[in-house]
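Please look at the sequence and the model first.

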Amino acid sequence: MSLRIYSTLSRALEPLSPLEPGHVRMYVCGMTVYDLCHLGHARSMVAFDVVQRWLKASGLRVTYVRNVTDIDDKIIKRALENGETIRALTDRMVDALHQDADALGVERPTFEPRATEFVPQMLQLIGKLEDKGLAYQSANGDVNYAVRKFPGYGKLSGKSLDDLRAGERVAVLDGKDDPLDFVLWKSAKPSEPDDAKWDSVYGQGRPGWHIECSAMCGQLLGNTFDIHAGGADLQFPHHENEIAQSEGATGKPLANIWMHNGFVTRDNEKMSKSLGNFFTIRDILAQYDAETTRFFIIRAHYRSALNHSDAHLDDAHNSLKRLYTTLDSVAPVAVSIDWTQPFAARFKAAMDEDFGTPEAVAVLFELASEVNKTRSAELAGLLKALGGCLGLLQGDPKVFLQAGAALDEATIQSQIAARAQAKAAKNFAEADRIRQDLLAKGIVLKDSATGTSWEAAQ
């Protein structure tokens, strides 16, 4: 194939050469579900949704795994604060995640494993590491990974053990042999709820965060697979520790290519809750439609920083409006993409060079200009088809162009009634489409035994 991907591991563009010809296996680190997803999560979900879409458009079969972390300190703390079980909290947050991802046009992964479903595999992996002298149990019951016994530690992040030791600010705690060692199995504490504990040969406890992903990707994709991906903030220590665990246990490379999407900033400042510039996906969708939000993410290269501001979202909406105006003025006919066609060939060249969405989007605007000149329904069809490779331009142009005005009560209630009719007719796809469309406009539906109500997304 001609597709090249920048690998964080080699720090170079690498040709994609699937281990199994015609089949790409990809693992993306997903969300820790203790709260609603934020714009950083949206960036990662959309970025790797585009990746898997383009792999499919290139004629490849894709097995895409995106995990859910449904047990960790934050989840336990939030469940206790809320007075609910861990499962009740995580089920609710997974449902919210799906609603947000669906609204953004993110296709569901092939597999979406939850960490709590793979604890036996995690314990098995820890046992292998212990047998190889890479893991040890401390006096407090925790099982830790012996970082210095893995020769390749630091190869992904570029951090040497000496650099890491120079940054130490704490003494050896909790029975660790070395401050660099990290936990594989956390011994249960009396204050923790029963649904945060599993029985094991090491005593009651729960898995550490890093071992969760090693176990899940190994179980579902094998010892070595094609692409491992996630946000830039996961490169160290999470992905570095995954490599140490998986490769320490198997002696084989974990993934051939490592991909990391860039950070999200707000008005050129790092987005964080402490700075008060933190936005959930629902915050954004309360002001902007979902396709504009997706387009805003896509038109920046996935590895670059994404600067969020109202001005940038306004510009994204106006730009997307130009493309829909073209499709509204010249009705597209359905076409199969001929990749030798000049516009399609340039689009493909851009996407084949590390998923170059900024250049691919530029081709869409060039094509729209040509459609406006020639009034060609076939070229309009090509515009829509190429947009579809990015998850864009698949809506009704008139609906998009008329959107923007706030929905009034009558309109919302009519949509609720239409959804109820669709559900009664067992047309669940249409019912789900109406719910997603309202969510994209900042309206959250609440179903109960007495009917459906709505509220503005918070």
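Two strands pair if DSSP finds at least two bridges between them. Helices (H or I, at least four residues) and strands (E, at least two) are DSSP runs, numbered from the N terminus. The model is predicted, so to speak of local features pLDDT of at least 70 is needed, side-chain atom pairs count only at pLDDT 80 or more, and totals for chains, interfaces and linings use all residues. Residues are numbered from 1 along each chain as its sequence is written, and side-chain values use heavy atoms, with hydrogens and water left out.

S5 and S6 (residues 143-145) are joined in the antiparallel sense by three bridges, and tyrosine 136 has asparagine 144 in S6 as its bridge partner.

Another open sheet of four strands is parallel and has the order S4-S3-S9-S10. S4 (61-66) and S10 (255-261) stand at the edges with a single partner strand each, so one side of each has no neighbour in the sheet. In S3 and S9, paired in the parallel sense over three bridges, methionine 26 stands opposite isoleucine 227 of S9.

Contact means heavy atoms within 4.5 Å. Axes are lines fitted to C-alpha atoms, for helices over the stretch in contact, and angles run from 0 to 180 degrees between N-to-C directions.

| Helix | Strands touched | Angle between directions |
|---|---|---|
| H7 (residues 235-250) | S9 and S10 | about 155° with S9 |

Is aspartate 178 buried or exposed? This residue lies in the loop between helix H5 (161-166) and S7. Aspartate 178 is buried, with a relative accessible area of 9%; buried means under 20%, exposed over 50% and partly exposed in between (1.4 Å probe, protein chains only).

A nonpolar core is a set of buried Ala, Val, Leu, Ile, Met, Phe, Trp, Tyr and Cys residues joined through side-chain atoms within 4.5 Å. The largest one has 131 residues, and Ile227, Met259 and Phe347 have the most contacts inside it. Helix H1 (residues 39-57) gives the most to this core, with 10 residues. Apart from this core lies another of six residues, among them Ile416 and Leu438.
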